[in-house]
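Visitor: I would like to learn how to read a model like this one. Can we take a residue, then a cavity?

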Amino acid sequence: MKKIHVIIGFITIMLATSCRFNNENQSIQVVVTEGTYVFEAKYPKEKTERVVNYIEKVLNDDSFFASDEGEKSGAVVLNDGKNFRVKSSPGFLEIEFRKKENSETNYKELVKLCTGVKEQLK
């Protein structure tokens, strides 16, 4: 009987530990085609504020996101002409940039922004 309680306790600890480690998983994917650049990041929710602060600093727009949770969805047109779509929520960011709707300079700046986000997530 005692062995069963020990085994159940051990399994419970293993499950709790594995759930905690799964929260630390992150993935970053960049897809570049002839017409688009798509950056997608899934990361621990605790890193959201760091990502939000970085993007708002680079874009020089303290109110780019609705909140510190980094929620935003839809098309964005910045004063400098950058035109892209963004989907974001705590632990998730996707930026889609259509090359033909933007200048080469804007494209390079967006790639630099996404590279910086990747660095923030290290």
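Guide: Buried means under 20% relative accessible area. N102 has 12% relative accessibility, so N102 counts as buried. Keep in mind that this is a predicted model.

Visitor: Where does N102 lie?

Guide: Look in the loop between β5 and α3 (104–120).

Visitor: Which backbone nitrogen does the side chain of N102 reach?

Guide: For a polar contact, look for N or O atoms within 3.5 Å. Here the side chain of N102 reaches the backbone nitrogen of N83, at 2.7 Å. A polar atom of that N102 side chain also lies 2.8 Å from the backbone oxygen of R98.

Visitor: Which residues does N102 touch, leaving out those up to four places away in sequence?

Guide: With that exclusion, N102 touches G81, K82, N83 and F97.

Visitor: Now the cavity. How many cavities of 30 Å³ or more does a search of the whole structure find?

Guide: A cavity is space where a probe fits but cannot get out. The search of the whole structure finds one of 30 Å³ or more. The largest cavity holds about 40 Å³ of space.

Visitor: Which residues line the largest cavity?

Guide: The lining is Y43, T48, V51, V52, F65, E69, G70, S88, S89, F92 and L93. Two or more lining residues come from each of α2 (48–59), β4 (83–89) and β5 (92–98). The largest share, three residues, comes from α2.

Visitor: How do the residues of that lining divide into nonpolar, polar and charged?

Guide: Six are nonpolar, four polar and one charged.

Notes: Residues are numbered from 1 along each chain as its sequence is written. This is a predicted model: local features need pLDDT of at least 70, side-chain atom pairs count only at pLDDT 80 or more; totals for chains, interfaces and linings use all residues. Side-chain values use heavy atoms; hydrogens and water are left out. On a 1 Å grid over the protein atoms alone, a cavity is a set of points where a 1.4 Å probe fits but cannot get out, and a pocket is an open set with protein on both sides within 12 Å along at least five of seven lines; lining residues have an atom within 4 Å of a point. Grid points are joined across faces, edges and corners, and a volume is the space filled by probe spheres set on the points. Helices (H or I, at least four residues) and strands (E, at least two) are DSSP runs, numbered from the N terminus. Ala, Val, Leu, Ile, Met, Phe, Trp, Tyr, Cys and Pro count as nonpolar, Asp, Glu, Lys and Arg as charged, and the others, Gly among them, as polar. Buried means under 20% relative accessible area, exposed over 50%, partly exposed in between (1.4 Å probe, protein chains only). A polar contact is a pair of N or O atoms within 3.5 Å; within protein, one must be able to donate a hydrogen and the other to accept it, and residues adjacent in sequence count only if both atoms are side-chain atoms. Contact means heavy atoms within 4.5 Å.
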